[in-house]
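Visitor: Hi, I have this one open on my screen. Could you walk me through it?
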Amino acid sequence: MMDLLHWDGTLSAKDFRIGAVAFAQKWESLNFAFPPWVWVPCPKHPWLASPEEEGYLSMEKICISRLNEEDIDQTTQIDTDEEEASCSGNKDVIDDATLVQRNHHELHYYDFHIVYSNTFRVPVLYLRAYCSDGQPLQLDEIEKELPTCSSKELSKSKWTFITQEEHPHLKRPWYKLHPCGTGEWMKLLFLNDTAQPKFEVVLELYLLSWFSVVGQVVGLRIPFKMLNDR
Amino acid sequence: MEAQKYVWDGAIPLQIHLHESQILAPRIGYLPLLASLLKPYFSSTLPPGVDTIWFDYNGLPLKWYIPTGVLFDLLCAEPERPWNLTVHFRGYPGTVLIPCEGEDSVKWSYINSLKEAAYIMNGNCKNVMNMSQSDQLELWHSVMNGNLETYQRVSSKLKLATVEDEHTSLCSSKSQQGFGETDLAGQVKTGRVPVRLYVWSVSEDFDDLEDMPKVDSWEKISYINRPVEIHKEDKCFTLHDALKILVPEFFSNDLMNVKSAGVDFEDALRIPSEDVSSDKVVEDHVQNAYEHREACSISSSAEIKLIRIQGIEPKLEIPFSWVVNNLMNPDYFLHICVCVKVPQQNST
């Protein structure tokens, strides 16, 4: 029987895989306007066939948008089919989503990966952003699209909040949200739950709870009522 | 402490093309820090514009955040002296290398690695985060200038729990923090050691290391950034044991008796889940064993050919604690380069 009090808020690699599958399923069943998270298996060595255990979660080609004052009711989502850049409105699902539209209607796309960190034993959010022509966005451009509190945090600690690092699997430069402290606030999240769930339940909800906090940094909010639906 | 001094004094002669200049690059340093040494040679030949220094070896852009000595051990099968590198001041390969804005970028990369190491050893990065500005600068400068004395003085203030071993002790035992997780009696049980492992593969045996094919892409190198869990009581934990945990797929002969730091595969399944934290340790060991068996069935003839740490090839029987304490880099990570022979693939 797991004792939440002695838990440090972290996960083993195996638990991450289980939690990731549960998260992807829950995400899809909650019927967001976002595309599903996909588990991407990744070989440990280039020559070794990949066991299913190692990999990461991926959700790509998301159009993060910022609202103009007049368009407060409009929200945006992107289809997984990149040819149709459709923008359907569904104000009940996403609040605070915003549309960035430059003068020439430039749309920005984001790829999100949730990767396990062996060091911190928690999930870590990796992201990259680019224009419709594939041109990558720099950190200062991404900063402009983040919610105000995030960009403030970013300007305070340039080197520690969002850093550009090598993606552990793809070996290309990606941006990463620093995971230091994740274990601590994850533990608090669950401790605050009066229901005192078993570890199996904690594991099932771990990534969803984690993403409800971390997603906000990059402007992706999950409505609370969905979180409470267990 | 002799060994550590040798490591810090270790340097690789580099010959930089564009100009026949030869300089000594500290093993524990980073290539972009050589910019100030190199600029004078090239300033007259550079066109106007902003300079961003980067290096390549045989066409492979070198990752600037990997210590120079590690790059050399990894990419130069037969150690070339001097090591022939090409320096560039323009045309930074931004799709392959993360940006480098000079000394600051290198410093922050170092500090972040240090934080990561601190987290691994102590369970938090508070000691690094709470460093005074002046201490942080002093520490960084000691690394930049290869000043071991200053480095030891400032880094000991961090009270980073190093692995204890009978042969060397980094700090006096009184000020040493116990590390890892404690059981109810307050005894220190296990600890985690920061390790970065780089694996390059070859498909056949070579009589001469010189004949080995050069690495032409970073995709061909496996990078494993994973701490090694050790039990404090286990004084016999060797480098071999550590490697078996990190890359069990390279040790096919021990399939039946998978032991990782004293935990048996069969026993692990029977341990009741009382303590959550030990659960995680057990789980990881079980997972290692699982991975091991799976991997063995996939590639049972992967064979370790070479292991290099700080330019030396240590015997696998050496106690891991000695290796860590004496051969780690200033970021408190032990960087290990491994060459492995894999069976020829019929299809890729």
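This is a predicted model: local features need pLDDT of at least 70, side-chain atom pairs count only at pLDDT 80 or more; totals for chains, interfaces and linings use all residues.

Visitor: Okay, how is chain B divided?
Guide: Chain B has domain 1 (1-88), domain 2 (103-163) and domain 3, which is made of 192-257 + 294-341.

Visitor: What does UniProt list for residues 103-159 of chain B?
Guide: An unreviewed UniProt entry gives them as "domain: Autophagy protein ATG5 alpha-helical bundle region".

Visitor: And how much helix and strand is there over that stretch?
Guide: Residues 103-159 of chain B are 82% helix and 0% strand.

Visitor: Switching topic: how far apart are the centres of domain 1 and domain 2 of chain B?
Guide: Their C-alpha centres lie 23 Å apart. In terms of contact, ten residues of domain 1 of chain B touch 14 residues of domain 2 of chain B.

Visitor: What area is buried between those two?
Guide: About 960 Å², with carbon and sulfur atoms giving 80% of it.

Visitor: Which residues on the domain 1 side lose the most area?
Guide: That would be B:Trp8, B:Tyr30 and B:Leu33, which together account for 56% of what the domain 1 side buries against domain 2 of chain B. By class, the residues of domain 1 of chain B that touch domain 2 are eight nonpolar, one polar and one charged.

Visitor: How many salt bridges between the two domains, then?
Guide: Zero between domain 1 and domain 2 of chain B.

Visitor: And how many residue pairs in polar contact?
Guide: One pair between these two domains, with both residues at pLDDT 80 or more.

Note on methods: Residues are numbered from 1 along each chain as its sequence is written. Chains are lettered from A and ligands numbered from 1 in the order in which they are written. Side-chain values use heavy atoms; hydrogens and water are left out. UniProt positions are given in the numbering used here, feature names are shortened, and annotations may be inferred rather than shown by experiment. Helices (H or I, at least four residues) and strands (E, at least two) are DSSP runs, numbered from the N terminus. Domain bounds come from an automatic or database domain assignment. Contact means heavy atoms within 4.5 Å. Buried area is the accessible area (1.4 Å probe) that two parts lose on being put together, summed over both. A salt bridge is a side-chain nitrogen of Lys or Arg within 4 Å of a carboxyl oxygen of Asp or Glu. A polar contact is a pair of N or O atoms within 3.5 Å; within protein, one must be able to donate a hydrogen and the other to accept it, and residues adjacent in sequence count only if both atoms are side-chain atoms. Ala, Val, Leu, Ile, Met, Phe, Trp, Tyr, Cys and Pro count as nonpolar, Asp, Glu, Lys and Arg as charged, and the others, Gly among them, as polar.
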